[in-house]
Amino acid sequence: MKTDHEQGRGVIERYREFLPISDSTPVVSLGEGDTPLVYSARLSARVGRGCKVFVKNEGVNPTGSFKDRGMTVAVSKALEGKARALICASTGNTSASAAAYAARAVIPCVVILPAGKIASGKLVQAFACGAKIVPIKGNFDDALRIVRELGERNDFAIVNSINPDRIAGQKTAAFEIVDALGDAPDFHLLPLGNAGNMTAYWTGYREYHARERSTKLPAMIGFQATGAAPIFHGKIIEEPETIASAIRIGNPASWKQARVAIDESSGAVDVVSDEEIVGAQMWLAQNEGVFVEPASAATIAGLFKCCDSKEAACSFQKIPEASRIVCTVTGHGLKDPDVIMRQMGDLKPVDANGREVLHAIGL
Ligand code: F0G
């Protein structure tokens, strides 16, 4: 049971016993976690057979993505270890989160980004929070290679998900889901980029199960964009491309761990097209009022594929009755307004009178 004073305390205070935190760790928190697990009647109806679909809305974390769960732990541990600066590579959200937690901790932060490939909202977040931004002529995989190199020097603490403290923090999302549902779900769907989040969820579900907080483990189902699907194809993609810039990754750092999660859980990995992603993004906003960024919509596009397509790696057509499905949506839609602005086109002003307005809405 959640008590009032636990609200807004952040994931370290709520799940301290499961985290690598000691009394001497200086806790840096922005009140992350405790995100809504929203029941969706429409998605449940789409799956049918009495199944229940829940959307875990990670876009309402302090910087608008799930990264904050891991960042609170990674930055707290970096301070404990007396790091002089933080460094990360990012497709946008990690840098936004690192910049914010670095500001809170009063420690310098360097973010290495693929030039021209970061959604505007995320870039603005990193800048506003005072990070040193270094755009490179390369993609995310190049940026992460550079971060690994520079991390060899002792000046920097790497806060990418190759840092196990990030994974430890992110596993708290699985704890929250089990705490809310009273047990683990039967299926867990999420987008796959660098594959840290899949790794973290699987760690969290396994730990809770080992402590008998749940009676079962979910099948882990990951979705990649068609043009950036190394895990699906089983090979590095040299030039990944997708509208979902957050998951534009060709050589995921946690590839092996995600593969283990998928295999151990009898899960699956599948692909969704950019068109399906944007369609699902609009669907979720228009039918549930949950506005997510494109990478997050890959989960919902994936759910639709599981329902509709016989070719899907995971088919829900014969799903056991009354299964519970959790879909993690990872980041807020406001982070990437440009994708939607393109759909919107030009909105032409009309004359400032009621008659013109009625005419404009077709009445
Ligand atoms: N969704 C969003 C919104 C993301 O920002 C990311 C990753 C993912 C999904 C995929 O998660 O990498 O753990 O498999 N973003 C990283 C970043 C790579 O730099 O912000 P993953």
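Among contacts in the protein between residues at least 6 apart in sequence, what percentage join residues at least 24 apart? The share is 71%, with contact meaning heavy atoms within 4.5 Å.

This is a predicted model, in which local features need pLDDT of at least 70, side-chain atom pairs count only at pLDDT 80 or more, and totals for chains, interfaces and linings use all residues. Residues are numbered from 1 along each chain as its sequence is written, and side-chain values use heavy atoms, without hydrogens and water.

Start with the whole chain in cartoon view. It has 15 helices and ten strands; these are DSSP runs, numbered from the N terminus (helices H or I, at least four residues; strands E, at least two). The radius of gyration, taken over C-alpha atoms, is 20 Å, close to the 21 Å of the globule rule for 363 residues, so the protein is as compact as a globular protein of that length. That rule is 2.2 Å times the number of residues to the power 0.38.

Next, colour by burial. Buried residues (under 20% relative accessible area, 1.4 Å probe, protein chains only) make up 56% of the 363.

Now select L43, V47, F187, L189, L303, F316 and I325. Within the largest nonpolar core, which has 37 residues, these touch the most other members. Such a core is a set of buried Ala, Val, Leu, Ile, Met, Phe, Trp, Tyr and Cys residues joined through side-chain atoms within 4.5 Å. Show α13 (294-308), which gives the most to this core, nine residues.

Centre on F316. Beyond its neighbours within four places in sequence, its contacts are V47, F187, L189, L303, C306, C307 and I325.

Finally, select F175, L192, I231 and A258, which are among the 31 residues of a second, separate core.

How values were computed:
Buried < 20%, exposed > 50% of the residue type's maximum accessible area, 1.4 Å probe, protein only.
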